[in-house]
Amino acid sequence: MIAAWAWALLWAAAPGAKGIDCSKVEPAPVADKAAARAYLEVGDGERRQGNPETAAVAFREAIRLDPSSAPARARLLDLCRAEEPEGDEVVSRAARAVEEGRYEEAVALLGPRYRAKGQADPSTALLYGISLYERGEDAAAQEALERAQQSEETRDPASVFLGLLALRSGDSERAEAQFARVDRGASSELSATARELSALARRNARLAVSMQAEGGYDSNVDQFPDQAGSGTGDFLYGGMASALFRPLGERGPYAVAGARLRNLQQFGEYDLGWVGGAAGYRLELGQNQLRVEYAYDQIWLDFQPFLGAHQIQLDGRLEVPFGRLGGLVSARAETYSRLEQGVNGIGNGEVKTEQYSGPTFDAEVSVGWAGSPGELRLLYRGELHRSQKEELSWLDHGPGLRAVAAFSSRRVLVDARVTARTHLAAEPGPGNVVRQDTYLDGAISFEQDLVGPLSFSLTAGGRKAFSNVPNFVYTRLYGSAGLIFTAGLW
Amino acid sequence: MPRLLTLILASTLLAASGPAEEHLLQGARAFRTGRYAEALVEFKVAEKLGAGPDARAYAAASLVKLNRPEEAVELFGPKASADPVLEFYRALACYQARLFTCADRALEAAMGRFGPRVVEEARTIRAQIHQTLAGEIQPQVIDWYLSRGGDAVQGGRTGLGRLYAEEARALGGRRKDCYRCAEADALLAKAKAAAAASEARR
């Protein structure tokens, strides 16, 4: 999106396209020097009359028929050179390529021009730097953008991209300084973008910590069936702390760890505790990315062990002409636990594994479209859970939608999905029914930056569960508000 | 229209051979596919290689397509073409160069030889010309033609100067006061003399 306005900036000043073809001339199978001379004369005539495009056609034909014709080559070269300073067709074409996301083409067009000139013109340096940045060639992009930053006309967009480069490398201080340079003197649109990025830089550090306090309401804590009356609603409160460590910035290795406590006012048996951590590696090439991650989660319910899970996940994104393709696969070993109750309900300390423990496999494909305010993503996800009992194993799948919109100091996230779940065997008991559920889930989150490292969040969502077993038909609505503290430590 | 030109060219050239004809044919192909700059170059090369006056007229037709009417009218020359299609292009060149009486005369003379589609276009153009010339011709209009013609003769473009002078004379003659008719006649004579001198030097 930033490339788009940088393009617009250049395009506004770019001259109209001219029709001189300066590409390589392929020789004719048979040389014809007499005809080549005639073409040369015609080309000279056209050039004298001020028609360089037609003259170039004639000179090219002269070269094709007589590749050794130095005059024809010299004249064509003259025409191409004469066009360069004012016409800048190369820059115009490269700007178009950048706008349409064809960064490789832009680099190919601008590279020779950038390298050939000791002091490349600012437009070339800026476009070249943007293209290299998008391709993930950060060192070369840095050099070109620094060159563009030296010129008044391209200083502001160059500063934005230098800030983005710093952000990518995890140097939030340098990023913020670059964005601040834009803030001082750019157009309002550019200035607003720089302010947004500056706020982002404050959160993006190599080592960042975050703490959150929240309170809210859950209308159906225990998924009480609709047919049995109103659900068991309860107020909730809790907090969360997490830390993210990315020694090389957005790319490369990372590790995250966190803990969460969420208590319910009345139903203590659903009080939730979570501790988890993940470590992974993120590989980026331009807009394309691939990430591999290992994660471990431990959950307690009512302060008793409930779930321990090891997970391996691989996910990636790939830019294609019509959008951004995404994919994810993961495998998780889930162990559900139960603390054996002794006499008088006092735990005897023995932890047993529940029969519904087992592996879970996930796969997701998605296609997304990014625009200036954010991204819209359509996805399809499937999940298979196996356990010791077939009736406690299931397969589910369904479509979903995810939308993220980021404005100056606020963000909105919408998530909606439909899931059809089929258990793999009938549950023993009356009816001998194979359970089939359908879930409609929806959630919307809103986040507003407050002063300094503080921000405020609001979340609302719900689920409607349908099932061929009436006891599993339920409705749940929830909402919460929170205060978040985020700070970069390094 | 381009297809017509190509057919004419092809019929006359299919049996022909030789480098000039080959370039004429290439020019016709380029013209048909809308590559007028290439067509122009090919026709000019054909002319240089001895293809005769037709190549020059075809080059002029390409110039019309390239929106270079002054060069086109120069290349066509003052004489009517025997080929009705080329004559239509000559009229178009005159019209684009604001040589309205030149265009009207050419269209009127060739009207009987045009095919049905060209006739329709010719009628439309003539109607537009008559509408343009319907009111009284303002003196500054005639001034413009004389100035343009004078510059052309001065610059050695005697053919073009002659056409502008003729236009100025024709338009001046439409006024009761025959505005600057004598000057137009003088410019015409000067252009003719310069053309004759140029011819003699060759």
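Close-up 1. The expected span is 1.5 Å times one less than the number of residues in the helix, and helices (H or I, at least four residues) and strands (E, at least two) are DSSP runs numbered from the N terminus. Of the 14 residues of α3(A), 12 are buried, among them A:Pro52, A:Val57, A:Phe59, A:Arg60, A:Glu61 and A:Leu65. A residue is called buried if 20 or more other C-beta atoms lie within 10 Å of its own, exposed if 12 or fewer do, and partly exposed in between, with C-beta atoms placed from the backbone. Residues are numbered from 1 along each chain as its sequence is written, and chains are lettered from A and ligands numbered from 1 in the order in which they are written. As the model is predicted, local features need pLDDT of at least 70 and side-chain atom pairs count only at pLDDT 80 or more, whereas totals for chains, interfaces and linings use all residues.

**Close-up 2. The largest nonpolar core.** This core has 79 residues, of which A:Tyr39, B:Ala60, B:Ala93 and B:Cys94 touch the most other members. Helix α6 of chain B (residues 84-96) gives the most to this core, with 9 residues. A nonpolar core is a set of buried Ala, Val, Leu, Ile, Met, Phe, Trp, Tyr and Cys residues joined through C-beta atoms within 7 Å. Leaving aside residues up to four places away in sequence, B:Ala93 touches B:Ala60, B:Val64, B:Pro69, B:Ala72, B:Val73 and B:Phe76, where contact requires C-beta atoms, placed from the backbone, within 7 Å.

**Close-up 3. The loop at B:Gly112.** B:Gly112 sits in the loop between α7 (100-110) and α8 (116-132) of chain B, and B:Gly112 is exposed, because 8 other C-beta atoms lie within 10 Å. Although B:Gly112 and B:Pro84 are 28 residues apart in sequence, their C-alpha atoms are 9.2 Å apart in space.

**Close-up 4. The contact between chains A and B.** Chain B contributes 10 residues to this contact and chain A contributes 11. On the side of chain B that touches chain A, helix α3 of chain B (residues 36-48) supplies the largest share, 7 residues.

Definitions and conventions. Contact = placed C-beta atoms within 7 Å.
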